[in-house]
Amino acid sequence: MQIQFTPSPNYRAGRKGRKIIAIVNHITAGLMPGTLSWLRNPQAQASAHYLVTKTGAVYQMVKDEDTAWHAGIVNKPNWPLYDGNNPNYYTLGIEHEALAGEALSEAQYQASLELHRQLVQEWGITVDQNHIIGHYRIDSINRKNDPGPGFPWDRLFNDLKNKPGLQALPIDILVANQLIKGVLIDNQSYAPVRALAESLGRQVKWDGILKTVFIPPVSVQVPAAVDGTVRIATGNIIISGQLLGNQAYAPVRKLAEALGRQVIWDEKTKTVSIK
Ligand SMILES: [Zn+2]
């Protein structure tokens with residue numbers, strides 16, 4: 001990929017002997033070209049290794065081997081790999097040109113994905129929710145929306161793991177004479193949780209902190225959320241789902257059975273019936 005080197009004076013040479021173990025994703029909360037010049041301005045006392053713009057351009061301001069100043073202030077962290085030392089020494093920082101709450105553009109997402117792939121490969125970074133994180137995991141108070149709700153964690157992890165996550169084929173799901181549109185992912189059929197539960201007369205509550213859809217009654221304790229996951233809790237069961245276009249989807253069979261129903265798959269018509 002093409003990376004333009006536009007050096008920033010805001011860095012420390014070397015990494016105090018530390019190895020790079022994680023990538024920290026950010027949004028700039030500012031737009032080009034101002035956001036790039038700010039990260040190169042000595043007054044900013046801030047930088048990142050990379051900046052990915054809305055048009056999909058990638059700038060590098062600090063070499064990977066050096067310490068950029070992107071995540072040095074630790075404030076109520078929620079990151080098990082934080083070891084008491086300044087996270088800048090053992091992380092790479094990627095800024096994304098976006099205003100608060102904004103989603104990435106498609107060109108920007110593709111460029112960021114390619115950059116992630118390259119860095120994961122080059123530095124042997126594990127693809128999971130503790131090694132590819134958002135700034136808010138280090139400062140959960142002043143950076144709680146960095147990179148914010150518009151950041152495509154599910155898609156990024158799916159793509160980095162080479163899952164065909166979003167190449168979903170449409171399927172029909174028949175529930176009590178209602179037709180619900182589902183999707184086939186990795187040969188498994190998924191249903192939109194709310195539509196399915198409501199068509200069975202059940203209520204649905206979304207908990208944005210636990211990233212969990214609750215279908216009461218729920219008797220199981222739901223553990224804290226991690227990036228890139230969504231869960232469905234009902235009775236004493238927790239099911240892993242997928243977030244597609246901001247909607248929670250669950251494997252149809254697991255969800256229907258957890259709700260006490262049976263599932264019949266018709267291969268010919270690609271229809272799932274729930275009895
Ligand atoms: Zn940040």
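**The nonpolar core and what surrounds it**

Guide: Of the 23 residues in the largest nonpolar core, those that touch the most other members are A48, Y50, L51 and I94. Such a core is a set of buried Ala, Val, Leu, Ile, Met, Phe, Trp, Tyr and Cys residues joined through C-beta atoms within 7 Å, where buried stands for 20 or more other C-beta atoms within 10 Å of a residue's own, exposed for 12 or fewer, and partly exposed for what lies in between, with C-beta atoms placed from the backbone. Two or more residues of this core come from each of β3, α1 (34-39), β4 (50-52), β7 (91-96), α2 (106-123) and β8; helices (H or I, at least four residues) and strands (E, at least two) are DSSP runs, numbered from the N terminus. In soluble globular proteins, nonpolar side chains tend to be buried together.

The model is a predicted one, in which local features need pLDDT of at least 70 and side-chain atom pairs count only at pLDDT 80 or more, while totals for chains, interfaces and linings use all residues. Residue numbers start from 1 along each chain as its sequence is written.

The domain assignment divides the protein chain into domain 1 (4-160) and domain 2 (169-274), with bounds that come from an automatic or database assignment. Taken over C-alpha atoms, the centres of domain 1 and domain 2 are separated by 33 Å, and the contact takes six residues from domain 1 and five residues from domain 2. On the side of domain 1 that touches domain 2, β8 and α3 are the elements that give two or more residues, and α3 gives the most, with three residues. The residues of that side divide into three nonpolar, two polar and one charged, where Ala, Val, Leu, Ile, Met, Phe, Trp, Tyr, Cys and Pro count as nonpolar, Asp, Glu, Lys and Arg as charged, and the others, Gly among them, as polar.

In α3 (153-160), the buried residues are W153, L156 and D159. They lie on the same side of α3 because they cover an arc of only 140° around the axis, the arc being that of the directions from the helix axis to the C-beta atoms. These buried residues pack against α2. Just after α3, N162 takes a positive phi of about 60°, and in the loop between β8 (132-134) and α3 lies P147, whose peptide bond from D146 is cis, with omega near 10°. Most residues other than glycine have a negative phi, and most peptide bonds are trans.

Over three bridges, β13 pairs in the antiparallel sense with β12 (residues 205-207), pairing being assigned if DSSP finds at least two bridges between two strands. K205 stands opposite F214 in β13, and in the hairpin of these two strands, which has four residues between them, K211 takes a positive phi near 50°. With β14 (residues 230-235), β13 pairs in the parallel sense over five bridges, and the partner of V213 in β14 is I232.

L259, in the loop between α5 (252-258) and β17 (263-266), touches A197, L200, R202 and T234, not counting residues up to four places away in sequence. L259 counts as partly exposed because 17 other C-beta atoms lie within 10 Å.

Two other loop residues also have a positive phi. K16, in the loop between β2 (11-12) and β3 (22-27), has phi near 50° and counts as exposed because it has 11 C-beta neighbours inside 10 Å. A176, in the loop between β9 (169-175) and β10 (178-185), has phi near 45° and counts as exposed because it has 10 C-beta neighbours inside 10 Å.

How values were computed. Contact = placed C-beta atoms within 7 Å.
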